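Here is a short report on one protein model. Look at the structure first, then read on.

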Amino acid sequence: MFILVFLILTTNLFAQSGQNDFTLRTITGSEDELANHGQAVVGGFDIDGDGLGEFIVFSRDSTGHIKYFEATADNNYVIRTKHNINDDEASMTTPSAVDFATVNRGLAFGNVDGDSDLEILVGYGKKTDGDTLEARRLRIYDVNTTTFAITEHPGSPITNTSSANGGGSNATINSKVASIQILGDTDLDGKPEFVVGTQAGNNNIRVMEWNGTDGWRRFDNHDFENGISFLQVGNVDDDSDLEIVCLSDGNPSNALGIFTISGDSVIADGTISGNPTVTSAGNNILTIGDLDQNGTNEIIFSLLSDDKIYIFENSGGTNYAMDSGSGIFTLADDPEALEVGDFDNDGFSEIFYSYKNLSGLEYLEFFGSTGSFTSSDFHSSVTVFDGLGNNDEVNDIVFIPASTSLLDGDSYPEIVMVTDPFNNGEEVYLIEFVPTFNGSNVTNTVSSSTVFSFNESTEEPSVDISFTGVSNSANIQIQSFTRGIQNLTGVSETNIGDYRWVISDAGLTFTNAEVRIDHSQFPSGVDGAGTVVIYHRATVGSGSFSALTTTTVGSEFRATVTSFGEFILASNDVSLPVELSSFEGKESEKGIELNWQTDSETNNLGFNVMRSEFADKGFEQVDSFVNNPELRGQGSTPFQTNYEWTDLEAEPNETYFYYLVDVDFNGIKESHNNKIVSVKTSSQNEIKNNFYLSQNYPNPFNPTTTINYKLQITNFENRELVIFNVLGEKIKAFKLSDSKGSVVWNGTDEFGNEVASGVYFYKISFKNFTKTKKMLFLK
């Protein structure tokens, strides 16, 4: 029997249809490794760069384990390494009883000391024999990006005393750790920061960073109510700063608190209208996400006191308001886990949640308009799974969408769940969304050389096969479904679709078979149909694909074969997320004004502006939607949108060239360098006309970068371009002897020694003119 499999090229075709589209994956491994109490999980990264994703689980079992998982193939996962925290506690003084159950979401992963390794941060408590909490811990572990080896960081642990084990100046943990989030380098000093939320005590929001030698310093802190139950970090007001969003653990108290991280300070934001009251301390949970997919994040949370799901968003400036009245939905019991994302990739986001006594997950799918979050804007709740294992309750979930490092390398998003297992159940589960066709098998008896139609319904693309040289009779059966092809050896195109058909021929003898697929029935259509290629290999699931001669006749893709096997459709065509209809530039009083218009936008997050002094080289990014709200896109809209941006750093008597880059919600960039505008500036004041310092190019760089300057003076004595590090230390100086030129830096100091990777600054000064710019050296 021969098998024919077809994969059809399309996207965003399915809305969630309930439990049947979700596949539950358990993690293979010994009971010793898995039958513990999963407390927290982080995931969606690929630190060794092998194309297979990883996730980390913290288990609050009797010994306290950190477990690092990696996918090995589709739906197969292994523990690469694990670390027993009790081994680290053995060297500590009393109290000796470890209480890992005090962890809420005290787990984070990222770079917090600026070196080449990544770090795992985990918080927990220690109790005396009398069950009184006397010590608090925040341990930090290095993870080798090649071997996954876990070793304790030299500045670990941070405790409730300032000097314990190199804890660093003023870096302490004053209560049980509720949440940990890594911020990045918010104060631009070359050292990343992280924030810790604790469940009681003063200064319960603590921002810390590496002191560069042996420990951690707390560079700012803030009080929120009587303690923190849950904390996350994200941009929820569309400015250039991050916000710390937290829920109170106090009773009674305001539920929601929002604080802006500005440089090295934590600042309380403005008013929060409709802020509910916490009346029960405990497992209050929140998440941040773009629920209506308009480019602005919403704050979504649930409280133990009333089990409701609330939605808040920015109402202007630093003020926030509740969109959902008294809450959009009430859970059946106390909240346990919460996440938001477009799990089925249908253009409509979902809120996934779990609650006490639900051994699984449920979700609400949003279908309303932008900024509308009432209960009527959501479909009825759907139970994904209930009755996991032995009624294991879900403690934490992480959503890994198709836009990130998928765990098993296929084309389907996953949710990783960690549970509190009963009766030796498992602690880690994965849910994978696998959309399926609604139709069943279609069978035709083929006994002559003619065209046979295999059309299950008007809702699905039809497949016709034209046979020649048929010499016997056999049943041809087609089963329609969707599932990613794991081995794409031999396929050079970048776009592989999701639809497939499995066709069995039961021993039919024929000379040729022309397979015809009607792409006019694809629910989302096909962009660039003329670029589609049908690939074929003899054995399903193994071997190398070969490209077939593919023609497009009307609305059909056609290819001829002499034997069946596995077939897929592939294409390099990508539909642009932004239709840029015009792009113009002109000089204004403030600088150079750019104006552009889009006819439509699809998942457009925003624009980056590229500039150069040359028409065909040297372009550098001078502004971005990340920092400038005026450059944020409209998400998805069929209507025209006008944009305006002004270059305030344009120098007189210069010609500048510009083009735009748009970025979609998946982080994919599309350069509109086929539409470049040029603008020549006129003469203005003398100082501006005489001095100019460009952004280095390339940036980041390795091994060299070029800095252009203009310094029109007659006496060049003591005129220098100076490079210095984040500590203000002079690294290298270049003597300037021309009125207009460039400096090339190769990443070395005055003695020819290569400097470390990181942020550096360069500066030019003369009389009233001083210009300093930042660059990044990467090894």
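This is a predicted model. Over residues 163-168, pLDDT stays under 50. The model still gives this stretch 20 contacts beyond four places in sequence.

Now take the protein as a whole. Its mean pLDDT is 76. A value of 70 or more is reached by 74% of the residues. Among the elements, strand β1 (residues 3-5) has the lowest mean pLDDT, at 36. The highest mean belongs to strand β38 (residues 463-468), at 92.

**A four-stranded sheet**

Strands of a sheet pair through backbone hydrogen bonds, in either a parallel or an antiparallel way. Which way do the strands pair in the open sheet β13-β14-β15-β16? The pairing in this sheet of four strands is antiparallel. At its edges stand β13 (177-184) and β16 (216-222). Each edge strand has a single partner, so one of its sides is left without a neighbour in the sheet. On average, neighbouring strands here are turned by 25° against each other, with direction ignored.

Look at one pair inside this sheet. Strand β14 (residues 193-198) and strand β15 (residues 205-210) are antiparallel and share five bridges. Follow Phe-194 across to β15: its bridge partner there is Met-208.

**Backbone details in loops**

Next, some loops. The peptide bond from Ser-156 to Pro-157 is cis, with omega near 0°. Pro-157 sits in the loop between β11 (150-152) and β12 (158-159).

Two other residues have a positive phi although neither is a glycine. The table sets them out.

| Residue | Phi | Loop between | Relative accessibility |
|---|---|---|---|
| Ala-506 | about 55° | β41 (499-504) and β42 (512-518) | 45% |
| Asn-653 | about 55° | β52 (641-647) and β53 (655-664) | 37% |

Why does Ala-506 count as partly exposed? Partly exposed covers the range between buried, under 20%, and exposed, over 50%. Ala-506 has 45% relative accessibility, so it counts as partly exposed. Asn-653, at 37%, therefore counts as partly exposed too.

Note on methods:
Residues numbered from 1 in each chain as written. Predicted model: local features only at pLDDT ≥ 70, side-chain atom pairs only at ≥ 80, totals over all residues. Heavy atoms only, no water. pLDDT = per-residue confidence, 0-100. Helix = DSSP H or I, 4+ residues; strand = E, 2+ residues; numbered from the N terminus. Contact = heavy atoms within 4.5 Å. Pairing = 2+ DSSP bridges. Axes fitted to C-alpha atoms, helices over the stretch in contact; angles between N-to-C directions. Buried < 20%, exposed > 50% of the residue type's maximum accessible area, 1.4 Å probe, protein only.
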